[in-house]
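Please read these points with the structure open beside you.

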Amino acid sequence: MTAHTNAKTPVTLLGLGAMGTALARTWLAAGHPLTVWNRTAARAEALAAEGATVAPDAAAAVAANDLVIVCLLDDASVGAALDGIDLTGKDVVNLTTTTPGEARARAASVTSRGARYLDGGIMAVPPMIGVPEAGGYVFYSGSPELFETYRHVLAVPAGTRFVGADPGHAALHDVALLSAMYGMFAGAAHAFALIRKEDVDPVAFAPLLSEWLSAMAGPHVTQTADQLRSGDYTTNVVSNLGMQTAGTPTFLSTARGQGVSPELLAPYFDLMRRRLAEGSPEEDLTGVVDLLLR
């Protein structure tokens with residue numbers, strides 16, 4: 001091992017699924033001494049050939065280095081992996097996808113055992129890891145001191161965005177963005193279903209859909225955020241709630257005419273009608289957010 005490699009922060013990584021393996025390879029490529037553990041030991045063989053040290057169990061992996069990265073299936077897997085292990089003086093960074101509540105509980109558990117804790121929400125898929133131009137990044141929340149200590153190490157696989165000392169906020173940001181993504185995917189699925197039985201090439205249709213979503217999403221998200229902060233849902237409204245609600249029967253009728261289920265659109269339209277009944281037709285669609293809090 002070279003002097004250059006020795007100067008790099010050693011890393012322990014628990015979990016070698018697709019994401020864990022991608023993370024591991026970026027740290028190895030950057031010269032960080034890496035100790036890995038995976039419940040299915042065979043997954044570590046390729047990384048061993050690339051220079052990683054394979055620990056026989058999670059306890060040995062944790063003992064090897066101060067910085068311990070966890071990237072497992074779920075919170076239960078994290079608990080099982082860390083159960084009974086001495087965490088005194090360790091710095092635990094949990095990149096497992098969890099709920100905000102699970103992240104807070106895990107932080108309390110880990111810190112009560114003498115470690116510092118940082119939670120992470122990965123906004124990337126494995127092929128984006130280690131590819132800066134792909135735009136992937138990780139939300140982090142928890143110990144600000146821990147984040148600053150290892151910021152340079154954490155930035156090796158993907159960009160870093162610290163979102164506060166509350167350890168649940170990384171998971172909250174992660175799930176919020178992914179929830180919006182799935183809502184967008186639902187709209188795209190409905191759009192493709194509408195043209196599915198027609199003589200419309202989906203490949204030719206795709207850029208039209210992509211361009212339209214891009215043009216609408218940015219301004220809508222910004223406008224909603226501004227109105228939620230101010231509490232005034234009638235500022236800078238371009239298409240008001242009354243007008244948009246009046247147009248929903250056309251979308252539902254078109255779906256029926258095309259033999260397409262309206263189940264992806266109907267719940268949102270129901271919320272629009274409820275807000276119209278309770279609010280003002282001059283509002284934007286922002287009031288729907290408040291209905292979801294009930």
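1. Helix H8 (residues 169–195) and helix H9 have axes that come within 11 Å of each other and cross at roughly 145 degrees. The crossing of H8 past H9 is right-handed. On the H8 side, the contact is made by Met184, Ala188, Ala191, Phe192 and Ile195. On the H9 side, Pro202, Phe205, Ala206, Leu209 and Leu213 take part. Sorted by class, this contact has ten nonpolar residues, no polar ones and no charged ones. Please keep in mind that the model is predicted.

2. Thr224 also belongs to helix H9, which covers residues 202–230. Is Thr224 buried or exposed? Its relative accessible area is 15%, and buried means under 20%, so Thr224 counts as buried. The Thr224 side chain reaches the backbone oxygen of His220 at 2.9 Å. If residues up to four places away in sequence are not counted, Thr224 touches Thr286 and Val289.

3. Thr35 sits in strand E2, residues 34–37. With a relative accessible area of 9%, Thr35 is buried as well. Which residues does Thr35 contact, leaving aside its neighbours within four places in sequence? They are Val11, Thr12, Leu13, Thr53, Ala55, Ala61, Ala64 and Asn65. With Asn65 there is also a polar contact of 3.4 Å, joining the side chains of Thr35 and Asn65.

4. A last point concerns distance. Thr35 and Ser179 are separated by 144 residues in sequence. In space, their C-alpha atoms are 34 Å apart.

Definitions and conventions. Residues numbered from 1 in each chain as written. Predicted model: local features only at pLDDT ≥ 70, side-chain atom pairs only at ≥ 80, totals over all residues. Heavy atoms only, no water. Helix = DSSP H or I, 4+ residues; strand = E, 2+ residues; numbered from the N terminus. Buried < 20%, exposed > 50% of the residue type's maximum accessible area, 1.4 Å probe, protein only. Polar contact = N/O pair within 3.5 Å; in protein donor to acceptor, adjacent residues only side chain to side chain. Contact = heavy atoms within 4.5 Å. Axes fitted to C-alpha atoms, helices over the stretch in contact; angles between N-to-C directions. Left-handed = near helix turned anticlockwise from the far one by under 90°. Nonpolar A, V, L, I, M, F, W, Y, C, P; charged D, E, K, R; others polar.
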